Amino acid sequence: MTPNRRDFLKIAGASALTIMTPAIFVPAWAKNSIVMPPGQGLAPQKALAAKRWAMAVDLTKCTANCADCIVACHAIHNVPEFGNPKDEVKWIWTEPFASVFPGESPAYSGEKLQKMRPPVFCNHCENPPCVRVCPTKATFRRSDGIVMMDYHRCIGCRLCMAACPYGARSMNYRDPRPFTAKINPDFPTRTKGVVEKCNFCEERLAKGTLPACVEACRQKALTFGDADDPRSDIRRLLETRFSLRRRAHLGTGPQIYYLL
Amino acid sequence: MLEKALKGNRGYWIWIACLILVATVGFFFYLRQLDYGLGITGMSRDVSWGLYIAQFTFLVGVAASAVMLVLPYYLHDYKAFGRITVLGEFLAVSAVVMCILFVFVDLGRPSRVMNVLLHPQPKSILFWDMIVLSGYLLINLITGWVVLACTKKEVPPPGWVKPIIYLSIPWAISIHTVTAFIYAGLPGRGFWLTAIMAPRFLASAFASGPALLILVCLILKRWGCFDAGEKAIQTLAKIVAYALAVSIFFVLVELFTVFYSQIPEHMHHFQYLFAGLDGRYNLVAWMWTFAVLSIAAFVILIFPGVRRKESWLALACVLVFVSLWIEKGLGLVITGFIPSPLGAITEYSPTGPEIAITLGVWAAGFLMLTLFYRIFTSVHFERENR
Amino acid sequence: MKNNKWGLILLGLAIFVIGVTFPFWYGKEKTAPPALSLETPEIAGSADKKCVEDKAFMRANHMKLLNAWRDEAVREGKRIYTAKDGRTFEKSLTGSCIRCHSNKEQFCDRCHNYVGAKPSCFDCHIVPAEVKK
């Protein structure tokens, strides 16, 4: 039986490979087989567009103990509240000044600076390390500067979380839906096993509205706009005020400017 | 040759049964994890890689160590290793399978794992890791099996297998370099952002892998009726000694750079490891254990008189394996996250289910290893006792 | 020896064939294809009662359409879909499809349960009726 078994295995292996081969090419065929009617690809007329979206956070206006931006963002985007720091998912939150700008808080700066808690969120970097390391291109950078998440493609490897120098990303270690108190039906939730972060409210930009945090801030501390447009508000702010970015020396090109 | 794995004495079958039991328990906990999510582990928002990736990192090194047998024999005709290159190759196969399993159980959405190949991102090191690990698995599986089959039939290996064996030498270096690059290219993690990451990985690989091989050879001599030969084992021991020395040296070099330059961001990680930081000191005991054990192992290994005594050699190899497991596993992967990019210290301890799944994967790997080695010893026994 | 084994082999083959073809012949008369309900307030209130594309196309291709929408809307930012007859829709499962077919359990689920399809779309994409409960 020995020589026959060998031949049998060889033939079985070759047959399996032959049968599998069309399956490898079918996805390419499938794309052509569906007839896509013409005319897609238009962005809605009222969508906001930019060459380089950026945000300026005016720390002189941002008050401590305020959470307007956080509440608005997390409510609109169905961000879950797990109730423990281990599983925590957050798109925007506040941190002490010394944590946001490590190495930048001299001992002699006044109480106001030391007690300040700037809001932190994804910096939508120009040279994002998270995009570089993602093995499936689930996170990618749009031409208008927004670093996007494709939750359909994410495999949950968390290399992006390791790569982000700002700790801006959260992993859904559990199913988030039971922990979302009030679900906004206009925005999907996520499932367990994918990484999420601030998306500069790109779905609101597509409808012509500003990000939720910008609109919710009662102190008007957040300015959102096209940093590439010399006439935009944010550009004028950046030209007249001194701004700090987080860990800019790492070369990531963060686009959140903290005005002091 | 597969049927040779099915013959064994009582001890053999008890060992196999234990491994299957541990693997099955791990599997059931994995089903729990699939249901609950990765929250069932000790990983958190700050420490987003834990025991699974730590094991993966360590085992890539063990897998690469097959090159330590292949290189001397195939490139330099070091005849003493001739009979045991297959042992190294089978160890590589089992270790790579364990690596793949550890990555798989660590994924948040494992059903989408093929996305890495369907939507490739050549800029991502993880993509290349998948390629080189799969390639290394294939190379070692083919070469190990073919060479063993030819040993059984007492014919020289076929010509086409030689180029594949030669390929395995740079490929072994590459799997470890690529894995080190996953860590060493991240701008936000100062603890990992060092050029010496890849050399450190290689040095500890060439210490821990051959140490395990020596232990396996000693076990096979005692219970598997296979003697690898005094010369082979002693040469392996010398390799372990040198590699261990280099590993320890690399750690000391890192300590110098960090503490002489006095950059707080870099110092904090090492302070957390060896002295605790802000009252948190989970890993301090582990790291000092690593230091003591590795120095002890080194002392045992540098004295030829002590090294030649098998009981001392076995002890040294166990110490090497355990201490480097601590250093590469806990000390390297987890500390990269502590402190976090925002300076927070979130400690990590694995949960019960996480440990069960980890042990399950180890058991699966050792099961493969045992079956492979049973076939190996059986082939050699029959050949040498006719 | 070979003769003894043939009986077992044939028995095994028969069991295999019966098992593999089981879904095709068992229950053929017991379960009928489901009737889908289009009784939703949005459909009742709409003027033309037309879906994005015609019924035959949707039945065969709705998953391919949704996959194409997914990649174009999320990855390319192209959010408007122009149907064959020129009407435009936003490429959104919740916003366009479920807006009319809000009775997921009487519409989507009926066919999916019948054929055993378990699309994971609704793990994330919200069915407003289910959430408001």
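Which pattern does chain C follow when read along the sequence? The pattern is α-α-α-β-β-α-α-α-α, which amounts to seven helices and two strands. Helices (H or I, at least four residues) and strands (E, at least two) are DSSP runs, numbered from the N terminus.

The model is predicted: local features need pLDDT of at least 70 and side-chain atom pairs count only at pLDDT 80 or more, whereas totals for chains, interfaces and linings use all residues. Residues are numbered from 1 along each chain as its sequence is written, while chains are lettered from A and ligands numbered from 1 in the order in which they are written.

Chain C has a radius of gyration of 22 Å, well over the 14 Å that the globule rule gives for 133 residues, so chain C is more spread out than a compact globule. That radius is taken over C-alpha atoms, and the rule is 2.2 Å times the number of residues to the power 0.38. Along its principal axes, the C-alpha trace of chain C spans about 75 × 35 × 30 Å. Of the 133 residues in chain C, 13% are buried. A residue counts as buried if 20 or more other C-beta atoms lie within 10 Å of its own, as exposed if 12 or fewer do, and as partly exposed in between, with C-beta atoms placed from the backbone. Among contacts in chain C with a separation of 6 or more, 59% join residues 24 or more positions apart; two residues are in contact if their C-beta atoms, placed from the backbone, lie within 7 Å.

Chain A holds nine helices and ten strands, and buried residues make up 42% of its 260 residues. For its contacts with a separation of 6 or more, the share from residues 24 or more positions apart is 65%. Four of its strands form an open sheet of mixed pairing, in the order β8-β1-β10-β9; strands pair if DSSP finds at least two bridges between them. β8 (222-226) and β9 (243-244) of chain A stand at the edges with a single partner strand each, so one side of each has no neighbour in the sheet. Within the sheet, β1 (residues 53-58) and β10 (residues 256-259) of chain A pair in the parallel sense over four bridges, and A:M55 stands opposite A:I256 in β10(A).

The boundary between chains A and B comes next. Here 39 residues of chain A are in contact with 32 residues of chain B. On the chain A side, α5 (129-133), α6 (159-163) and β6 (170-171) are the elements that give two or more residues, and α6(A) gives the most, with four residues.

In chain B, helix α3 (residues 67-76) has B:V67, B:M68, B:L69, B:V70 and B:P72 buried. The cover over the buried residues of α3(B) includes α2 (51-64), α4 (85-106), α7 (161-184), α8 (197-223) and α9 (230-261) of chain B. After α3(B) comes B:D77, whose phi is positive, near 60°.

The largest nonpolar core has 186 residues, and those with the most contacts inside it are B:A63, B:C99, B:V240 and B:V320. Such a core is a set of buried Ala, Val, Leu, Ile, Met, Phe, Trp, Tyr and Cys residues joined through C-beta atoms within 7 Å. α4(B) gives the most to this core, with 15 residues.
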